[in-house]
Each structure stands twice: as C-alpha cells, then as structure tokens.
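Biologist: Could we go through this model together, one question at a time? Please end each reply on the value or name I ask for.

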Amino acid sequence: MIARPSFLLAMTLLLPACSTSDGYPSLARRSFETVVSPSQAPSVAAEMPAPGADVLTRIESLTSQGRAGVAAFDAFYGQAAERVRAGAAAPVGSENWVVAEVAIARLEQERSPAMVALASLDSLYAERMNAAAGGDATPAALEAIEAARQPMLSAVEAQNSRIESLKAMLSAP
C-alpha cells in the first residue's frame, strides 16, 4: 500500500503542534546544588554515644538463645550423622531410612533457636536502622547488633551446610 501524499503532508503539518514553545529547562547549577566546602561542613563528634541498655539486653538475650541452639544442634549432630549413615544405603521407606529422616528432622528442630535468634537480630537491626534514620538511634547500636549477628549467621549457615550434606546421603523418596 502506497501512502498518499496528502496524508503525509497533513502529518508533517500537525507534528509541530505536539511540541511546546517554552523551550527547554535551564541546565545551570541551582543554588542547592552547590558543594559545601570542608570549612562549612558540620563537624562530626569523635565519640559516639553507647547503645542503650535495652538494646544491649536484647542483643545479649538473643545471642544467648542462639548459642543454646547451636549447642543443642552440635550435641545431637553426632547421633543424627550416625543414623543417616546407617540409612544411607537403605531403600526408601525402610526402617533405617525412616530413622535417618526423623534424625534429620530433629536436627532441623534443634537448629530452630539459632535461626529464631538470627531472625530477631535481623529485625532488631532493621528497627534500629529506621530509628537511626530518624535520629533516634546511634551507629554504636547498629555496630553492636552487627557484631552479634555475624557469628550467628555463620553458625546458621554452617548448620544448613551440615544438614544438606546429611540429606544428600539419603535416597530421595
């Protein structure tokens, strides 16, 4: 199909109506975009205030809960690994296989306090981060939470890895 010249002429005449005649906005630097010189910058206090006692108490409570979960996991891991090794060659649904699956389930249950503690530390961190954005919390509180959170995260990741290695020994249903 060939376009008619009158249609093309009409479109050419109508396209300029879509543009504005005001021109483009200025690209000049605006007053609030100026850089503050180091002499005008507010000074930062060298010493940060310590986190509140309530935050430290919650951190200590969650850390204690997490350590208890790690200890319970470690105490049962040897038994669970032994049961899984016994059921590794067993057919799916056999007595040894079921005992191994139950041992893995209990191991996951023993891991629960550490995971709950980690999730609670994450929530506390998010809560304090929001408070810090509003000026109601100190960076020291965030650092204290992070210092407690990192070892707990490492422990949970190690537990996950150990459980996955046990699961890999068993035949899939």
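Biologist: At roughly what angle do the axes of helix 2 and helix 3 cross?

Modeller: This is a predicted model. Helix 2 covers residues 53–87, and its axis comes within 8 Å of the axis of helix 3. The axes cross at roughly 165°.

Biologist: Is helix 2 roughly parallel or roughly antiparallel to helix 3?

Modeller: An angle over 145 degrees counts as roughly antiparallel. The axes of helix 2 and helix 3 cross at roughly 165°. Helix 2 is therefore, relative to helix 3, roughly antiparallel.

Biologist: How many nonpolar residues are in the contact of helix 2 with helix 3?

Modeller: The crossing of these two helices is left-handed. The contact of helix 2 with helix 3 includes seven polar and seven charged residues. Its nonpolar residues number 23.

Biologist: Where is G93 found, and is G93 buried or exposed?

Modeller: G93 belongs to the loop between helix 2 and helix 3. The cut-off for exposed is over 50% relative accessible area. With a relative accessible area of 54%, G93 is therefore exposed.

Biologist: What distance separates the C-alpha atoms of G93 and P173?

Modeller: Along the chain, G93 and P173 are 80 residues apart. Their C-alpha atoms are separated by 7.8 Å.

Biologist: Are helix 3 and helix 4 roughly parallel or roughly antiparallel to each other?

Modeller: The axes of helix 3 (residues 95–133) and helix 4 (residues 139–169) come within 9 Å and cross at roughly 155°. Angles over 145 degrees count as roughly antiparallel. The relation of helix 3 to helix 4 is therefore roughly antiparallel.

Biologist: How many residues of the contact of helix 3 with helix 4 are charged?

Modeller: Helix 3 and helix 4 make a left-handed crossing. Their contact has 19 nonpolar and two polar residues. The charged residues number seven.

Biologist: Which residue lies over the face of F76, and which over the face of Y77?

Modeller: At F76, the charge is 4.0 Å from the ring centre and belongs to R106. At Y77, the distance to the ring centre is 3.9 Å, and the residue over the face is R162.

Biologist: How many helices and strands does the chain have?

Modeller: From the N terminus on, the elements run α-α-α-α. The count is four helices and zero strands.

Biologist: What percentage of the residues in the chain is buried?

Modeller: Buried means under 20% relative accessible area. The chain has 173 residues, and the buried ones make up 26%.

Definitions and conventions:
Residues numbered from 1 in each chain as written. Predicted model: local features only at pLDDT ≥ 70, side-chain atom pairs only at ≥ 80, totals over all residues. Heavy atoms only, no water. Axes fitted to C-alpha atoms, helices over the stretch in contact; angles between N-to-C directions. Parallel < 35°, antiparallel > 145°, perpendicular 65-115°, else oblique. Left-handed = near helix turned anticlockwise from the far one by under 90°. Nonpolar A, V, L, I, M, F, W, Y, C, P; charged D, E, K, R; others polar. Lys NZ or Arg CZ within 6 Å of the ring centre and 35° of its normal. Buried < 20%, exposed > 50% of the residue type's maximum accessible area, 1.4 Å probe, protein only.
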